[in-house]
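Have a look at the structure first, then follow the questions.

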Amino acid sequence: MSSVRKSNVGSNLDARRRLPSVDRLLNAPPVAALAEHVSHDVLVDVARGVLAAARQEASSDAPPPLEHLASRIVAQVERILAPSLRRVINATGIVLHTNLGRAPLSVATQRAMAAAATGYSNLEYDLSAGERGSRHVHVETLLTRLTGAEAALVVNNNAAALLLVLAALAAGREVIVSRGQAVEIGGGFRIPDVLRQSGARLVDVGTTNRTRLADYADAITTATALLLRVHTSNFRVVGFTESVPLPALVRLGHERAVAVADDLGSGCLLDTARFGLGGELQEPRPQDSVAAGADVICFSGDKLLGGPQAGLIVGRREPLAALRRHPLVRALRPDKVTIAGLVATLQHYQRGEAERALPVWQMIGAGQEDLSQRAQRWAAVIARQSRTLEVSVRDAESAIGGGSLPGVTLPTAVVSLRPRQRTVEDIAAALRRVTPPVIGRIERKALLLDPRTVLPGDEPALLAAITAL
Ligand SMILES: *Cc1c(COP(=O)(O)O)cnc(C)c1O
């Protein structure tokens with residue numbers, strides 16, 4: 001027994017000794033060719049790693065051939081060079097999929113962002129005066145015109161907007177929030193935590209399902225800085241519920257000289273009745289909050305607005321001026337690319353073409369008839385070319401997602417794929433490995449692909465990936 005082990009160790013050592021040197025590996029043709037694409041330091045690092053691994057596994061008396069080692073290096077370098085953030089095809093049917101980057105942008109928005117990235121701009125330069133200007137002016141006029149507010153300000157995202165509002169208007173003082181609205185928005189973003197971070201004190205009133213105006217009124221003291229309303233974006237409480245409408249909250253605030261802030265979440269600028277999302281299903285609109293008299297209103301740029309990630313704040317002149325003076329503004333300010341994209345997106349609303357120009361609204365507005373035709377077309381192509389998949393088309397529901405319209409679904413048609421030999425998880429994983437990766441959703445042992453969220457230009461890539469399975 002022991003002699004066998006000894007002889008193994010002996011041949012291992014031998015195999016290890018016969019591994020090529022780092023230099024020889026670097027000179028192997030496929031590795032040498034990489035020198036153009038990756039720095040020498042990275043190449044040496046990878047070569048050392050591959051050699052170390054080969055040393056570990058040298059179990060037989062023959063070391064792996066040089067070509068094997070070289071191809072391992074090539075594969076590793078390719079992995080290193082591939083960007084981790086990649087475009088994917090969203091076939092989940094969830095329009096504002098937070099994990100998949102929320103809103104796809106309009107063509108004009110993409111162009112504006114590329115232009116801002118390409119060269120210099122008058123980001124903070126007043127062209128008529130020839131002196132320093134403000135980066136906030138570019139969006140302010142658009143936002144005030146679209147919402148009717150007196151003033152506007154943009155920061156990095158809506159979480160930042162809320163933090164700034166609380167820090168600037170309520171630090172060291174009290175903010176009254178309904179218990180039913182002291183919620184978690186997603187990704188661990190909790191209203192009570194943000195409040196604590198801002199230095200304000202949370203005073204929660206009412207109960208989870210019912211809060212009345214008197215609950216707010218009774219809680220107001222000389223320490224009260226704000227009444228905060230938070231839109232419960234990602235869930236719906238049904239049944240025995242009561243909350244205070246914004247106009248009533250505003251009346252109370254103004255009677256008692258306390259400002260009212262409204263965190264809308266999505267901030268939908270359109271009347272969505274024509275999408276079948278009217279009445280109860282209409283997401284709150286910033287212009288309605290302005291009209292109701294809220295002092296400060298904040299919402300996201302990349303939810304139903306359909307633009308780049310940003311936090312938009314609109315409201316009355318004085319509180320907005322206090323926000324602008326706060327040191328956090330500098331830390332939370334958006335970059336030039338975001339500002340350029342936001343301007344282009346808001347211009348679609350100003351021109352009355354948002355529904356046609358913004359992918360988010362095109363997707364929400366897509367009719368079931370059209371979606372069904374697309375699904376039929378995909379199914380026909382797949383059925384013709386694939387023997388390993390059982391293909392069918394069926395009616396299903398798409399979701400809006402991204403903390404907008406919880407529980408609301410849109411009727412759609414999906415392609416359902418059932419693999420004959422492999423598991424459905426297997427084909428879902430295989431589709432995630434192609435370029436660009438295709439993400440669908442699994443339901444009852446079938447992979448469902450919803451055309452609603454697949455950009456028309458991505459269809460050929462999607463079909464090629466499936467037929468290659
Ligand atoms: C989504 C959301 C936020 C956070 O917005 P981000 O733009 O994701 O930072 C804050 N409040 C509400 C009510 C939301 O729905």
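Buried means under 20% relative accessible area, exposed over 50%, and partly exposed in between, with a 1.4 Å probe and protein chains only. Helices are DSSP runs of H or I with at least four residues, and strands are runs of E with at least two, numbered from the N terminus. This is a predicted model, in which local features need pLDDT of at least 70 and side-chain atom pairs count only at pLDDT 80 or more, while totals for chains, interfaces and linings use all residues. Residues are numbered from 1 along each chain as its sequence is written, and side-chain values use heavy atoms, leaving out hydrogens and water.

Q: How wide an arc do the buried residues of helix α20 cover around the axis?
A: In α20 (residues 459–467), the buried residues are Glu459, Leu462, Leu463, Ala465 and Ile466. The arc is taken from the directions from the helix axis to the C-beta atoms. These residues lie on the same side of α20, because their arc is only 160°.

Q: Is α8 parallel, perpendicular or oblique to α9?
A: Axes are lines fitted to C-alpha atoms, for helices over the stretch in contact, and angles run from 0 to 180 degrees between N-to-C directions. Helix α8 (residues 158–170) and helix α9 (residues 191–198) pack at about 45°, with axes 8 Å apart. Angles under 35 degrees count as roughly parallel, over 145 as roughly antiparallel, 65 to 115 as roughly perpendicular and the rest as oblique. Therefore α8 is, relative to α9, oblique.

Q: How many nonpolar residues does the contact of α8 with α13 have?
A: Contact means heavy atoms within 4.5 Å, and here Leu164, Val165, Ala168 and Leu169 of α8 meet Pro319, Ala322 and Leu323 of α13. Ala, Val, Leu, Ile, Met, Phe, Trp, Tyr, Cys and Pro count as nonpolar, Asp, Glu, Lys and Arg as charged, and the others, Gly among them, as polar. The contact has no polar and no charged residues, and its nonpolar residues number seven.

Q: How does α7 lie relative to α15?
A: The axes of helix α7 (residues 137–147) and helix α15 (residues 336–350) come within 10 Å and cross at roughly 25°. That angle makes α7, relative to α15, roughly parallel.
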